Amino acid sequence: MIRYAIRRIPSALLVLFLASIAVFALIHLAKGDPAALAAGPDASPAEIAAKRHQLGLDDSLASQYLNWLRGELTGDLGNAYISGGSIGELVRNGLGNTVELTSGAVVLALALGGAAGMGMGVSRRRPVNAVLNALTTLAFAVPTYVSGVLLVLVLAVIFPILPAGGHESLLRDPTIGVQYLIMPALCLSLPAAATIARFLATSMRQVLDEDFLATGVAKGLKTRRLLFRHALPNALPPVLTIVGIQIGQMLGGAIVVEAIFAWPGVGQLLRDSVLDHEYLIVQDLLLFAVAVFIVLQMITDLVHAYIDPRIRTEH
Amino acid sequence: MATLNVAAPMPVTPRQHRIRWLFGSPIATAGIAVVVTLFAAGLLAPQLAPFPPNGQTNAALQGASTTHLLGTDEFGRDVLSRILYGIRQDAIVAVVSVPAGALLGVSLGLLTGLAGWLDTILQRIFDVMLAFTALIAGVTVASIVGPGLPAVLVTVAVVNVPLFGRITRTSVLTLRNRDYVVAARVVGVRPIRLLVRHVLPNGVDPLIVQLALSLSLAVFIEGAMSFISLGVLLPQPSLGNMLQKSINYLDRNPWYAIGPMVVVTLLVVGFQLIADGLTHRLLRR
């Protein structure tokens, strides 16, 4: 296991390192001069040059990159170019809300996807399977910006039982907070739930055909015990992989979901920063999103290898 | 009587074979019908649309009526007409970006077969590109080239490169030790010709399935980027930016939202159905 980890972790770090260079280089390709934007529309060339020096934009690209990386690693994100605000504070404020949203979505995705997947994998009745199949196909394909607007239309406008948007911290007021959380979390969870359901169903069907389950039936195990103690654990490893990838993608999905429900998270911050040309914030958040994806993928691989020893000996 | 001779079946070319597979699947046929109808409606928007897409009137946010089948938006513009013109943005992305990304991806995927070191480098490049999930890639591109349709076009192309690259690489790996490829190599076929003329044609089935999935993804990305103001810019209509605005007026004219929602869903699901049908037929899964 440790040997596998030693092989797997460096390649993830390499990809992360390459991705950080890509983010840095790409944002420096952006048109528009951050120093001129930061100095304001009426600034003289001398003032712009002074601003450029102050922001460290006249250093060599290599030293700018290293300074940026050092800041990222030590948690000192610096100040926004134009507004001058502390990026660390902006990101911390948004991140808590986004974590709240994605956690809610992950819980819902596991619950809905798990139930639908077990239903599809176990049920031999055609109508049940057909309905669940159609539902997962829809949930998988319908974009969040469609399901989200539909949720608002049905649950906030036609039947006004939930707020159409906004946010209240779960920690401060749980009963109100949950009302704000339900729709965005459900919206973000649907594609992941559908994917989990499909993988679980396929995996369950394969496991149910195995001989050891026939043995279990023969020696008179109860159906529930057979399914949850014998079949499910053997069906989980491939599902786990897909769960990791789905969570990794949620940060991207959160950008849209936060926009629908006016949820004050990092997705909104990222979108606004692009529109406001706050390149340093964009750079930080892009690296963060990419890093989350890569790290989650790596953890998923390690957990997968831990559960399923066959993975370790491949290659 | 014994001369009731059944004509020998016409030999079927691989292409005819494939077309039959495509239409032999009812779900794929349904998907094709939906997608072709909608894109045709978008293409014929100047003829079909009852009103100009940007014609403002005083009749803002009217509900559905016989003059405005889906009502009007906040500037009194006809929603149906704007939807028809909005479909065009998706058609452009589908026709321009998906083939561009696919072509680049397939080329890079073939290159992995030339040398081990090239394979290693390209694998890492694909890994880095895949770490930028679709919308994160969209934000990155929009911050470089600025919000607008060009950002959507670039994003969709870029996102597709590693998808097609990986699939092509898998085909190269599995096919290059087949007897016929080895035989071709033995008689002196050059590496590039070997890959393009001998390996690629036999690895084309999974690429066709991916093409359908990528078209679905393209519609999704256009809508998402336009929804968060990084894609097609107003007043130019697109399904995504219409949905973004409609959310403020759901109580006044719900058709403003329902129209684009139905069209986006039909397009995305339509391409998915084509992909599902093709998967059954071509990949026999």
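Where chains A and B meet, A:Gly252, A:Gly253, A:Ile255 and A:Val256 of helix α10(A) are in contact with B:Ala134, B:Leu135, B:Ile136 and B:Val139 of α6(B); contact here is C-beta atoms, placed from the backbone, within 7 Å. By class, this contact has six nonpolar, two polar and no charged residues (Ala, Val, Leu, Ile, Met, Phe, Trp, Tyr, Cys and Pro are nonpolar, Asp, Glu, Lys and Arg charged, the others, Gly among them, polar).

This is a predicted model, so local features need pLDDT of at least 70 and side-chain atom pairs 80 or more, while totals for chains, interfaces and linings use all residues. Residues are numbered from 1 along each chain as its sequence is written, with chains lettered from A and ligands numbered from 1 in the order written.

How do the two helices cross? The axes of α10 (residues 223–260) of chain A and α6 (residues 134–145) of chain B come within 7 Å and cross at roughly 70°. That makes α10(A) roughly perpendicular to α6(B), a label for 65 to 115 degrees.

Now for the inside. The largest nonpolar core has 161 residues, and A:Val256 is one of those with the most contacts inside it, as is B:Ile221. Such a core is buried Ala, Val, Leu, Ile, Met, Phe, Trp, Tyr and Cys joined through C-beta atoms within 7 Å, buried meaning 20 or more other C-beta atoms within 10 Å of a residue's own. B:Ile221 touches, among others, B:Ala134, B:Gly138 and B:Val152, leaving aside residues up to four places away in sequence.

Chain B itself has 12 helices and zero strands, and 49% of its 285 residues are buried.

Conventions
Axes fitted to C-alpha atoms, helices over the stretch in contact; angles between N-to-C directions. Helix = DSSP H or I, 4+ residues; strand = E, 2+ residues; numbered from the N terminus. Parallel < 35°, antiparallel > 145°, perpendicular 65-115°, else oblique. Contact = placed C-beta atoms within 7 Å. Buried ≥ 20, exposed ≤ 12 C-beta atoms within 10 Å, placed from the backbone.
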